[in-house]
Structure formats: C-alpha cells, structure tokens
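Reader: I have a structure to go through and would like to ask about it piece by piece. Could you take me through it?

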Amino acid sequence: MILGLIGILFGLCLLIWLSFKGWSVLLLAPLAAMCVVLFSNEPLLAHWTQTFMGSAARFLAKFFPLFLLGALFGKLMENSGSISIVADFLMRKLGANRAVLAVVLAGALVTYGGVSLFVAFFVLAPMAQRLFRLANIPRHLMPAAIVLGTSTFTMSSLPGTPSIQNAIPMPFFGTTPFAAPGLGIIASIIMLAFGLYWLHLKEKNARLAGEGFDDASAVSAPMNPSNDDALRERAVAAREFDPTEILHGKAATAPLPVYLAALPLAMVVIVNLIMSLIVLPNIDVGFLNKARWGGISLSDIAGVWAVMTALLCAIFTVLVINWRRFPNLRETMDAGANASVLPAVNVASLVGFGSVVAAMPAFEIVKNWVLDIGGSPLVSLAVATNLLAALTGSASGGLTIALDALGNTYMMHAAELGINPALLHRIAVIGSGTLDSLPHNGAVVTLLAVCGSTHKESYRDIVMVGIVGALLALIAVIVLGSLFGSF
C-alpha cells in the first residue's frame, strides 16, 4: 500500500514536471499512469486499455461536442469580426477614463456569450493595449484586466455560463448550467468587485508614482504561438482552444452593426436559459432509460444538451448574419473544428490518468484524507478541485479527475446530509477556477506573451484578481451554502 502511494505521488510529479517543460500530455498522461500501475503491481496493459482508455473515451463521448461547438463558434465570431466590433464598441463607449472597466466588461461579455478563451485573448489584447496607451495606464496591468473579464466569474460562477468547466459537473450531479444561481451571482459580484478594486488601486498608485504606459517594450501584434511548441502544449492542456488555429482562416472586412455582432452572444444565453428551464424539463424523454440509449435519465444529459443547443443556435445565427462577409467560410470552419481536437484529447488523457490513480488500492488512503478535510463534503470538494487544478494546470482537467474519482462519493454524502447537488456543482466549478492560474498554467503563459509582458511584471496582479478574488468567492459560497443550502 505504501509503495502504491509513492507510485501515485511519483506519477503525479512526473506529469507536472514534464508538462511544465512542454512535453505533450498525450504522451505524459499514459506514461505517468503506467508508472503508477507498476508501483502498485497491478496489470499494466489491462489498465492502459481498459481503465485509462475507457475513462478517456467516456470523457470524449460526453464532452467533445461542447469542445467542437465552442471552438467553432469562437472561430466564426473571430473571423466575422464580431468580437472586435463588440469589444471596440464597449471600449469607445466607456472611453479612456474607464479603460480598465472597458477591458473587463468586453472580456466578460464575449466569454459569457460562449467565445473560447484564447480567441478572446488574441482579440482583446491589442484593443486593451490601445486603450491603456490612451489612458496612460501601465501596460503590466493589461493581463490582469483581461483575466478578470475572461477567466473568473464568467468561467466558473455566473449562472448559465457555457464554459466547459461549468458543463463538466452536470452529468455527475444531474444539474444544469444554472445550478445554484443565487450563490453564483454572489460569487460573481465578489470576484468582479474585488478584482476591480485591486486594479483601481494599482492604477491610482501608478498615477501617484508618475508611472504610465511603457511603450518601449510593448508588442504591437499578438505573438505567433506556432513558434513555441512548448507554450502550445501547455496552452492546449489548460483551455479548450488550440491557439495555433488563431492564425488560420481569413477575417471579414465589411462593416457590421454592433447589434448584429452581439446577437449570437445573446443567443447563447437566451437559448441556454430556455432549454434548461423550460424546454427540457417539459419534454418526454423516457426512451433514454432503455439500454439502446445507455439507460440514463434526463438529468444525466440535460445540461450538456442545453449548452449544445445554445451553441448550435448561435453558430447558425453567425452564419446567417455573416454568410456573404466571410472571405473563406470553409477555411474558417475547418480551423474552428481543428482547434477543438487537441485540447479535448489532452483533457481526456488527464482524465484517463486520474482514473488509473483512482483504481489503485492505495488511492483509498488519498480518498479518505480528502473526504476528512474540514469535516464537510463542501470543504473537501473545494480542496480536492483546487489541488488537482493546481497540479495539472488545468481547471477542466483537475475538475474532471476529482469528479471521476470522487463524484459518486460526494453524491452519496450529499444525499445523507441533505445537500442539494446544485451546491456541489457550483463549489466544484469555482474551486477548479482558483489555483489553476498558477505560473505554469498555459493560459497564463499565453496571455502574458500576447500582452508583451512577463511573470515578473504582471503575475502578482493576476494572482490577486484571478486567485485571491476567486478564493474569497469560494469561501463565501461554502459559508452561505452551509448555512442556507443552495439558492
């Protein structure tokens, strides 16, 4: 048992170290998993083909449609110019006097509307650079402003967000994208308020110190991620879009009214809400419990169906509005589809690794330790998702590993204690979006490169708005959920 525990720790350390060095997770995850198996003296090939591949395949079966549709929608919105039009509109309306708020709101709007994170990065960074230069705000605050708008409350807490992180708990807990909406709104307010307070404080201090926009070291265009394979490998394991596909496809140049550019974003939110709260609860899907359809219930699949339908409607809307504006529609759609593959398979490989770890006899020690943390399943769930997201550098990977290994156990504890699964859902998602933003996270590294900044210059502010603010919101949700339940 002790040797098996050492094997789990060794495999995890190997995965973290080599992935930070830029090795492909597609190679590392099975290698690390087999190291864990060898230490535990378990059947090697059986765990590779049955445990590892079986779990990875189940993840892809559940979630690949969301990766595909999300990446395709993001690429269509980028090449149609819709993201730039919406972001530029907000920045012009709010102006240089509220430059930080403009960047944050622009990022929040496009990501809550279903646009992939890396697409938002590459569009927002040059716009934020122009606005920060006009407002004479230090360039090193740009990454934190973009993180606050794109990678905090719109990823993990705002009810109905179509992020893959918000979708992952739904099959485990039988929830919808709008799980615990009241708590989600409170968490969103905390993240946004704390982040804006911090950025305002930093801007004020910079002005008092006579510090302004440093044009000398700023980049004038986004970096080319294909020039750095190590960066790309870290990036695709962290988020749901392969950044190299940003370079593919031709952008539309004809003008488009802002209300038409924003319509697909609104479509995601509206259709998601209608499907989750009105359509799916009122249709007869009794056929799903037959063996032909996997013997499942509507609660197992309703959340995924709602997000899929919302993204499909949004994609159709983009195509109708911009049909004649795309210079090369097939190239754009190919790039969007291709952008989904490597991130999805990478996360599936991390899930396969987690399943192998969970199948080892020594994992019982880890499981008991995690479940005993804080004496409450809410606290232990938050700690488990935090730690695994931190170690893997991936919110989606860490979240899925945690729920794959412990999801059923948490559901049993919740049933015994009368805890609403919606509360588990919200805590798990917020927990996965905190310590995932450590320095080795691919999204952090990519954003810094896009903004022409460094960890030394900007990472402290990213920690404050992306980690500290999220941790404060997580604590508030746990406290309120413990006192009042889910609402």
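Predicted model: local features only at pLDDT ≥ 70, side-chain atom pairs only at ≥ 80, totals over all residues.

Reader: What is the mean pLDDT of the protein?

Author: The mean pLDDT is 87, and 94% of the residues reach 70 or more.

Reader: Over which residues is the pLDDT below 50?

Author: That applies to residues 216-222. In the model this stretch has 12 contacts beyond near neighbours in sequence.

Reader: On to helix packing. At what angle do α4 and α13 pack?

Author: Helix α4, residues 82-94, packs against helix α13, residues 258-279, at about 110°, and the axes are 9 Å apart. The two helices are therefore roughly perpendicular to each other, since angles of 65 to 115 degrees are counted that way.

Reader: Is that crossing left-handed or right-handed?

Author: The crossing of α4 and α13 is left-handed.

Reader: Which residues make the contact?

Author: From α4 they are Ser82, Ile85, Val86 and Phe89, and from α13 they are Val258, Ala261, Ala262 and Leu265. By class, this contact of α4 with α13 has seven nonpolar residues, one polar residue and no charged residues.

Reader: Now the other pair. How do the axes of α6 and α7 cross?

Author: Helix α6 (residues 117-135) and helix α7 (residues 142-150) have axes that come within 10 Å and cross at roughly 135°. That angle makes α6 oblique to α7.

Reader: And what is the handedness there?

Author: The crossing in which α6 passes α7 is right-handed.

Reader: Which residues are in contact?

Author: On the α6 side, the contact is made by Leu117, Ala120, Phe121, Leu124, Ala125, Ala128, Gln129 and Phe132. The α7 side contributes Met142, Ala145, Ile146 and Thr150. Sorted by class, the contact of α6 with α7 has 10 nonpolar, two polar and no charged residues.

Reader: Let us turn to single residues. Where is Ile8 found, and is it buried or exposed?

Author: Ile8 is part of helix α1, residues 2-20. Ile8 counts as buried because its relative accessibility is 7%, and the cut-off for buried is under 20%.

Reader: What does Ile8 touch?

Author: Leaving aside residues up to four places away in sequence, Ile8 touches Val36, Val357, Met360, Ala362 and Phe363.

Reader: How far apart are Ile8 and Asn79 in space?

Author: Their C-alpha atoms are 44 Å apart, with a separation of 71 residues in sequence.

Reader: What about Thr400: which helix holds it, and which residues does it touch?

Author: Thr400 lies in helix α18, which spans residues 395-417. Not counting residues up to four places away in sequence, Thr400 touches Phe59, Ile168 and Val351. With a relative accessibility of 2%, Thr400 counts as buried.

Reader: Last topic, backbone angles. What is the phi of Asn41?

Author: Phi of Asn41 is near 60°, a positive value in a residue other than glycine. Most residues other than glycine have a negative phi. Asn41 sits in the loop between α2 (25-40) and α3 (44-79), and at 69% relative accessibility Asn41 counts as exposed.

Reader: Then Ala180: what is its phi, and is the residue buried or exposed?

Author: Ala180 is not a glycine either, and has a positive phi of about 45°. The loop that holds Ala180 runs between α10 (169-173) and α11 (181-208). Ala180 is buried, at a relative accessible area of 2%.

Terms used
Residues numbered from 1 in each chain as written. Heavy atoms only, no water. Axes fitted to C-alpha atoms, helices over the stretch in contact; angles between N-to-C directions. Helix = DSSP H or I, 4+ residues; strand = E, 2+ residues; numbered from the N terminus. Parallel < 35°, antiparallel > 145°, perpendicular 65-115°, else oblique. Left-handed = near helix turned anticlockwise from the far one by under 90°. Contact = heavy atoms within 4.5 Å. Nonpolar A, V, L, I, M, F, W, Y, C, P; charged D, E, K, R; others polar. pLDDT = per-residue confidence, 0-100. Buried < 20%, exposed > 50% of the residue type's maximum accessible area, 1.4 Å probe, protein only.
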